[in-house]
Amino acid sequence: MPPKVLLHGSGAIGTIYLYLLQKGGCEVTAVCRSNYEAAKANGFTINSDLYGKGIDIRPTVVQTPAEAAQAGPYDFVVVCTKALPDSRTAKIIAPAVTDRTCIVLIQNGIGIEDEYAEAFPENPIISCAVYLAATQTEPGRISMGNLELLEIGTFPASAYGSQANVTKATDTFVAALKEGGSNVKFYPDIQERRWNKLLINASWNPICALTLSRDVAFLASSPAAEKLVMDVMREVVAVSQALGYTAITPELAEEQMTKATNRKGGKGIEPSMLVDVLYGRRTEVEVILGNPIKVAGRLGIDVPRMETLYVLSKALDEAMALRQPGKSLAGDETKAVESKTS
């Protein structure tokens with residue numbers, strides 16, 4: 001029988017993996033929120049530079065994991081929602097989780113797995129770092145660029161190869177994604193890949209959100225702009241090295257900066273935290289800055305720039321929490337649009 005998948009969070013990123021998993025032979029049910037009515041009536045439409053235009057998919061659509069549980073059990077519950085403060089996602093998906101379910105986390109940040117490991121101590125957990133530029137331009141309609149990369153590993157890393165159910169679930173999930181056309185790569189220690197992505201997330205995400213600027217606009221704003229971004233990246237490198245992730249080096253940080261400077265003269269990139277702020281939504285400040293700062297503190301490493309960005313971003317996030325839903329920064333009504341970039 002094909003793997004049975006419940007995908008929780010059918011926004012821009014979630015819909016792409018819904019499509020890839022269906023192509024890979026899985027039976028997929030999608031949990032939708034703001035786009036439920038549109039997806040229920042018309043399914044999803046994907047316009048992708050990578051996979052093609054006008055791709056129509058019609059999965060089973062539900063409003064909650066509790067509703068989906070009636071059609072279970074599921075082999076995989078894939079979480080594609082943002083890792084927001086106090087989201088309690090593990091509690092929300094719990095009705096759809098059984099002893100045969102593997103939890104898959106396609107989310108940003110550091111320390112995201114702990115909530116699920118505590119709630120489901122006997123279930124396999126797969127942790128993923130995603131690089132994919134996609135936007136939900138209107139409910140149920142997804143626009144995607146030409147990049148898709150999913151880095152996968154188990155939590156904890158030692159579970160793969162030592163626990164048969166974890167190994168089998170991971171291999172099955174990777175195989176389905178490859179069959180569907182995903183650029184998926186397995187890593188023995190996914191946490192190193194998460195810290196690798198933090199070079200981008202801990203620097204560009206809060207800086208662009210706080211300044212309401214795309215990356216190239218920020219670089220052009222002052223002679224000191226590039227140095228600030230590099231100093232934040234160097235703090236990430238210092239913590240990563242202390243954790244034993246020796247592949248995360250100052251030279252790698254320089255390479256990431258070069259990618260940004262090479263975009264000068266173009267539109268640049270809107271990181272996901274900037275998009276969230278522009279649409280009056282809460283941000284992933286805790287998993288992108290708060291949790292890494294706690295790790296740095298335990299290791300005795302000073303990260304003053306990350307701490308400053310955290311304090312400012314935390315205040316901004318609290319302001320977003322008080323905003324009326326559906327209001328942009330300009331006060332205009334906005335559509336339920338979700339956007340993510342790498």
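Residues are numbered from 1 along each chain as its sequence is written. Because the model is predicted, local features need pLDDT of at least 70 and side-chain atom pairs count only at pLDDT 80 or more, whereas totals for chains, interfaces and linings use all residues, and side-chain values use heavy atoms, with hydrogens and water left out.

Empty space comes first. Rolling a probe the size of a water molecule over the atoms shows where such space is left. On a 1 Å grid over the protein atoms alone, a cavity is a set of points where a 1.4 Å probe fits but cannot get out, while a pocket is an open set with protein on both sides within 12 Å along at least five of seven lines; lining residues have an atom within 4 Å of a point. Grid points are joined across faces, edges and corners, and a volume is the space filled by probe spheres set on the points. By this rule there are two cavities of 30 Å³ or more.

The second largest cavity holds about 50 Å³ of space. Its lining includes Gln107, Ile110, Cys128, Arg194 and Asn201. Two elements, β8 (125-138) and α7 (190-201), each give two or more residues to this lining; helices (H or I, at least four residues) and strands (E, at least two) are DSSP runs, numbered from the N terminus. The largest share, four residues, comes from α7. By class, the lining of this cavity has five nonpolar, four polar and two charged residues (Ala, Val, Leu, Ile, Met, Phe, Trp, Tyr, Cys and Pro count as nonpolar, Asp, Glu, Lys and Arg as charged, and the others, Gly among them, as polar).

The second largest pocket has a volume of about 510 Å³. Of its 25 lining residues, the closest to the centre are Ile110, Gly111, Ile112, Asp114 and Asn291. Two or more residues each come from α5 (114-119), α7 and α13 (285-299), with α13 giving the largest share, six residues. This lining divides into 12 nonpolar, five polar and eight charged residues.

Now to the serine. Ser10 lies in the loop between β1 (4-8) and α1 (12-23). With a relative accessible area of 5%, Ser10 is buried (under 20%, with a 1.4 Å probe and protein chains only). Not counting residues up to four places away in sequence, Ser10 touches Thr15, Leu18, Ala30, Val31, Cys32, Asn35, Phe44 and Gln136, contact being heavy atoms within 4.5 Å. A polar atom of the Ser10 side chain lies 3.2 Å from the backbone oxygen of Val31.

Key: Buried means under 20% relative accessible area, exposed over 50%, partly exposed in between (1.4 Å probe, protein chains only). A polar contact is a pair of N or O atoms within 3.5 Å; within protein, one must be able to donate a hydrogen and the other to accept it, and residues adjacent in sequence count only if both atoms are side-chain atoms.
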